[in-house]
Number of protein chains: 2
Amino acid sequence: MASRRVTLADVARLAGVHPATASRALNQVDGSGLVSPATVARVTAAANRLGYRPNPVARSLRTRRSHTVGVVIPDLANPLFPPVIRGIEDRLAEGGYVALLANTDDDPAREHQLLERMRERHVDGLVLATVRRGTPEPAGPGEEDLPVVLVNRVAEDRALPAVAADDVSGIRLAVAHLVSLGHRRIGHVAGPQDLSTGAGRLRGFRLGMAEQGLEVGPADVVVAERYQVAEGLRCARQLLAQRPRVTAIVAANDMLALGCYRALAEAGLACPQDCSVVGFNDMPFVDQLSPPLTSVRFDHYAMGREAAQLILERLATPGCPTKVVYLPPELVVRASTGPAPRGGPGTEGRAGRRRAD
Amino acid sequence: MASRRVTLADVARLAGVHPATASRALNQVDGSGLVSPATVARVTAAANRLGYRPNPVARSLRTRRSHTVGVVIPDLANPLFPPVIRGIEDRLAEGGYVALLANTDDDPAREHQLLERMRERHVDGLVLATVRRGTPEPAGPGEEDLPVVLVNRVAEDRALPAVAADDVSGIRLAVAHLVSLGHRRIGHVAGPQDLSTGAGRLRGFRLGMAEQGLEVGPADVVVAERYQVAEGLRCARQLLAQRPRVTAIVAANDMLALGCYRALAEAGLACPQDCSVVGFNDMPFVDQLSPPLTSVRFDHYAMGREAAQLILERLATPGCPTKVVYLPPELVVRASTGPAPRGGPGTEGRAGRRRAD
DNA sequence: TTGTACGCGTTATCAC
DNA sequence: GTGATAACGCGTACAA
């Protein structure tokens with residue numbers, strides 16, 4: 001029936017101490033003897049008895065810390081992110097923090113507005129999955145700088161703490177796998193080059209091909225503007241047009257790989273009989289596709305946890321060194337990759353067979 | 001270079017008025033003349049000049065309203081929800097509100113804890129996609145009650161505002177479609193019966209079958225405990241075991257339909273040649289499955305917007321009547337449904353063919 | 001119409 | 001060690 005929330009003053013009254021003392025007693029880090037153990041006991045007892053919960057708003061007003069971390073995601077609809085968010089939330093909760101989530105839909109204007117809102121709300125730090133190369137300062141100039149951690153992105157100069165998959169290694173795995181299956185004419189549908197993942201994976205492609213003694217000509221790479229199925233379709237169409245004898249495509253992520261599927265179907269090519277496809281991220285559901293997608297996998301949930309860990313460290317120790325964490329990738333081989341066709345694709349013999357609707 | 005945030009006092013000083021006056025001038029609803037137009041002009045000018053942004057924390061402490069709405073989702077990894085969340089966020093932003101997002105992973109304990117955190121943070125209202133039948137009071141008894149809106153759920157007695165698809169109509173569409181393809185032995189993998197969607201869709205199934213003059217025996221329905229692929233697999237296995245001659249399965253949602261795919265593959269049955277499958281929700285990516293899934297579709301983004309609309313109405317007019325909004329469903333026919341097999345499935349002639357790995 | 005004074009709930013900084 | 005006091009930034013009765 002007690003309708004009003006119980007406040008610190010109530011606790012103090014019950015414990016027979018001044019509110020300030022109660023505050024100290026409750027916020028006490030164990031050991032530092034600023035307040036007598038007896039009072040601590042009495043106050044905590046009173047707090048428990050009354051079911052006292054501090055008011056975070058009042059606390060935030062006073063301390064200018066909100067125990068809230070802003071998490072900015074480019075696209076919630078990308079299945080990559082839910083596990084990442086879960087990881088962030090879980091680790092943050094362990095540290096007593098809450099995530100304020102926002103997604104920008106890749107719209108810089110929207111992102112700017114969201115970041116402004118987050119500053120207003122006194123978020124203590126930011127976890128960004130949106131940062132583009134060339135805009136390392138996420139919050140505009142002149143502002144007091146919030147702690148920032150990048151996730152699934154890395155700053156060009158590694159000046160910001162970050163957690164991401166080892167893009168280069170991952171793509172090299174993919175290339176090596178394809179070569180082991182006999183592929184030689186391999187194309188790359190690259191990601192946006194203003195994203196660290198897009199640039200890193202393209203670098204990995206060139207490196208991996210070189211390691212295998214294969215050349216990469218200008219026509220072997222088509223760069224997507226965004227990580228979306230439609231872009232994958234566009235790029236794969238172009239790739240097939242300018243390199244009709246390609247037998248395998250490495251896509252910079254799974255969304256683009258989906259676009260490649262469509263382009264192959266359009267062209268009357270079967271996957272993997274005529275052309276193999278490899279993705280990146282191993283998103284949920286790609287094992288249910290037709291054909292199930294071979295993809296470079298890493299632990300998304302762990303990436304989220306690690307990002308939260310970094311921001312917590314940074315909040316606890318503002319000056320701590322800037323860490324960049326790379327997660328080890330592995331290749332999950334499924335049915336979208338197979339032996340290189342012997343006659344070569346694009347020859348009339350194999351085209352025009354069964355196609356997805 | 002101005003490092004400190006500009007505060008109301010700064011604005012007042014520049015405008016040459018008392019802070020209280022500045023406050024009134026800025027919070028003024030147009031028309032009601034509590035403050036002279038001249039001062040309003042001066043104050044707003046000063047505010048713009050300084051780039052004043054009110055401190056939401058202080059305001060929230062004072063007014064006990066945070067302009068924040070808690071949004072609780074059972075499972076972020078379900079692709080149904082991202083568009084819903086987008087809809088909620090967008091509409092909320094138009095009304096000057098922010099969404100505080102949380103996902104419970106279907107864990108009531110976790111949900112309880114999250115709701116507590118949200119209360120602490122002074123959320124002004126709640127949008128819940130988690131409510132189960134039998135627990136209409138989401139926040140525990142005796143507490144001051146926050147405005148609540150349900151999304152993708154409906155309270156048993158319709159006592160709470162809610163937005164959801166018209167489950168009954170949707171399933172009837174599915175049944176009618178299957179019957180028109182010649183199916184007569186149709187099974188249902190039902191959703192959890194403590195969720196309004198699970199119960200409503202089961203009701204729709206019985207109704208739809210009755211309309212078509214078909215009987216529903218106890219063995220024709222298997223009830224899933226959760227909306228997950230693994231549960232769909234379990235239920236479909238059971239259904240196939242107890243009704244081997246079934247030629248079509250209506251799944252209560254797309255996740256369960258995915259489980260049905262697996263069960264059919266296990267049993268060596270081809271979809272749709274041996275057995276058709278219909279899902280519900282038309283999640284993103286189900287058009288990319290093998291085979292592309294026939295599913296009952298409704299506008300997820302619109303559902304989110306509508307839910308936000310309802311909570312905004314409720315915040316503006318606390319006593320307003322309780323609305324329950326049903327969204328019209330439509331059937332998206334893809335390749336997972338086809339004509340009923342003539343010989344009937346489960347006969348040895350067709351079993352044991354190609355199977356997914 | 002505007003200024004005065006106070007309180008929202010907490011914590012930081014002084015004294016004692 | 002603990003109590004008193006002020007302040008975080010804003011909104012709002014009340015007085016003028």
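For my residue classes, Ala, Val, Leu, Ile, Met, Phe, Trp, Tyr, Cys and Pro go down as nonpolar, Asp, Glu, Lys and Arg as charged, and the others, Gly among them, as polar.

I'm working on a predicted model, where local features need pLDDT of at least 70 and side-chain atom pairs need pLDDT 80 or more, while totals for chains, interfaces and linings use all residues. Residues are numbered from 1 along each chain as its sequence is written, chains are lettered from A and ligands numbered from 1 in the order written, and side-chain values use heavy atoms, with hydrogens and water left out.

**Domains.** I looked up chain A and found domain 1 (8-63), domain 2 (68-165 + 300-327) and domain 3 (167-298); such bounds come from an automatic or database domain assignment. The C-alpha centres of domain 1 and domain 2 of chain A are 33 Å apart.

**DNA strand C.** I count a residue as near a strand if one of its heavy atoms lies within 4 Å of it. That puts 26 residues around DNA strand C, the closest being A:Thr7, A:Leu8, A:Tyr52, B:Thr21 and B:Arg64. By class, this surface has ten nonpolar, ten polar and six charged residues. Helix 2 (19-27) and helix 4 (56-63) of chain A, plus helix 2 (19-27) and helix 4 (56-63) of chain B, each give at least two residues to it. Helices here are DSSP runs (H or I, at least four residues), as are strands (E, at least two), numbered from the N terminus.

What share of the DNA strand C atoms within 4 Å of the protein belongs to sugar or phosphate? I get 70%, with the rest in bases. For polar contacts I took pairs of N or O atoms within 3.5 Å. A:Arg62 goes to a sugar or linking oxygen of DNA strand C, at 2.8 Å.

**DNA strand D.** Here I also list 26 residues, with A:Thr21, A:Arg62, B:Thr7, B:Leu8 and B:Arg62 coming nearest. Of the DNA strand D atoms within 4 Å of the protein, 61% are sugar or phosphate. Phosphate oxygens of DNA strand D have polar side-chain atoms of B:Thr7 at 2.4 Å, A:Arg64 at 2.7 Å and B:Asn27 at 3.1 Å.

**Sheet in chain B.** I traced an open, mixed sheet of six strands, ordered 7-6-8-9-10-12; strands pair if DSSP finds at least two bridges between them. Strand 7 (221-223) and strand 12 (330-332) of chain B are at the edges with a single partner strand each, so one side of each has no neighbour in the sheet. Strand 6 (residues 186-190) runs parallel to strand 8 (residues 248-251) in chain B, with four bridges between them. One pairing I noted is B:Gly187 with B:Ile249. Helix 8 (residues 196-211) of chain B lies across strands 6, 7, 8 and 9, at about 165 degrees to strand 6. Contact means heavy atoms within 4.5 Å, and angles run from 0 to 180 degrees between N-to-C directions of axes fitted to C-alpha atoms, for helices over the stretch in contact.

Most residues other than glycine have a negative phi, and most peptide bonds are trans. I logged a cis bond from B:Cys271 to B:Pro272, omega near 10 degrees, and another joining B:Ser290 and B:Pro291, omega about -5 degrees. A:Asn281, not a glycine, has a positive phi of about 120 degrees and sits in strand 9 (residues 276-281) of chain A.

Notes: Polar contact = N/O pair within 3.5 Å; in protein donor to acceptor, adjacent residues only side chain to side chain.
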